[in-house]
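I wrote down what I looked up, entry by entry.

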Amino acid sequence: MSLIRLSDRLTKLLMILAATWAFVLCFIALADIIFRAINLPLHGTKEIVANSVVMIVFLQVGFAIRSRSMLGADFLIHLFGPRTRRLLAAAGFLLGAAFFIILFKGAIDPALRSFANGEFDGEGAMRVPVWPTRFTILLGSAFAVINYLLLAAIELFGLDAEELTL
């Protein structure tokens, strides 16, 4: 199986997981609204939503990168030839990889510390563990790096999707 195909399958799976969780989150928010109307708010909804939004973003980032759906300013790129376009695209992909490498490195200690210390968000009746969110940032950042490097390799070497194999 090629590295690209493996990355595609895993990032699609994470994207589906994120979309499913976003769907479930809508019902949690709706239930909280309904129960607040009868003066019985669901405790912890704010904490669940806050942590979930971060998780949803980082679960989907790998797919967004691989599908080339990340925001890009390409208003000048059409002025250059095909070779220069490929080099500029590869440079942009490498900068994206560098950003997520830095983010990954910076998130390792907080994730480990959060897990070791049993860090929770919220007070009182409902406390939400924070470590799943912190590890999702690591996972999403890792897939972002992999996908940015794959896209850079494709651009720099003119590779076919099937050429990068494990």
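Helices here are DSSP runs of H or I with at least four residues, strands are runs of E with at least two, and both are numbered from the N terminus. I am working with a predicted model, in which local features need pLDDT of at least 70 and side-chain atom pairs count only at pLDDT 80 or more, while totals for chains, interfaces and linings use all residues. Residues are numbered from 1 along each chain as its sequence is written, and side-chain values use heavy atoms, with hydrogens and water left out.

**Entry: loops**

I looked up arginine 68, which sits in the loop between H2 and helix H3 (82-117). Its phi is positive, about 60°, although arginine 68 is not a glycine. For context, most residues other than glycine have a negative phi. I use buried for under 20% relative accessible area, exposed for over 50% and partly exposed for what lies in between, with a 1.4 Å probe and protein chains only. Arginine 68 counts as partly exposed because its relative accessibility is 45%.

I then checked asparagine 39, in the loop between H1 and H2. Asparagine 39 also has a positive phi, near 65°, and is not a glycine. Its relative accessible area is 64%, so asparagine 39 is exposed.

**Entry: helix H1**

Helix H1 covers residues 3-37, which is 35 residues. From first C-alpha to last it reaches 51 Å, close to the 51 Å expected at 1.5 Å a residue; the expected span is 1.5 Å times one less than the number of residues. I noted Ile4, Ser7, Asp8, Thr11, Leu14, Ala18, Leu25 and Asp32 as buried in H1. Helix H2 (45-66) and helix H4 (131-157) are among what covers these buried residues.

**Entry: asparagine 147**

I count a contact when heavy atoms lie within 4.5 Å. Leaving out residues up to four places away in sequence, asparagine 147 touches Ser7, Thr11, Gly62, Ile65 and Arg66. The side chains of asparagine 147 and serine 7 are joined by a polar contact of 2.4 Å. A polar contact is a pair of N or O atoms within 3.5 Å; within protein, one must be able to donate a hydrogen and the other to accept it, and residues adjacent in sequence count only if both atoms are side-chain atoms.

**Entry: nonpolar cores**

A nonpolar core is a set of buried Ala, Val, Leu, Ile, Met, Phe, Trp, Tyr and Cys residues joined through side-chain atoms within 4.5 Å. The largest has 15 residues, of which Val61, Ile65, Phe93, Phe100, Ala144 and Tyr148 touch the most other members. H2, H3 and H4 each give two or more residues to this core, and H4 gives the most, with seven. Apart from it I found another core of eight residues, including Ala18, Leu25, Ile48 and Val128.

**Entry: aromatic rings**

Rings of Phe, Tyr and Trp (its six-membered ring) pair if their centres lie within 6.5 Å; planes under 30 degrees apart are stacked, over 60 edge-to-face, and the rest tilted. My search of the whole structure gave seven aromatic pairs. The rings of phenylalanine 99 and phenylalanine 100 have centres 5.1 Å apart and planes at 85°, so this pair is edge-to-face. Phe93, Phe99, Phe100 and Tyr148 are linked by ring pairs into a cluster.
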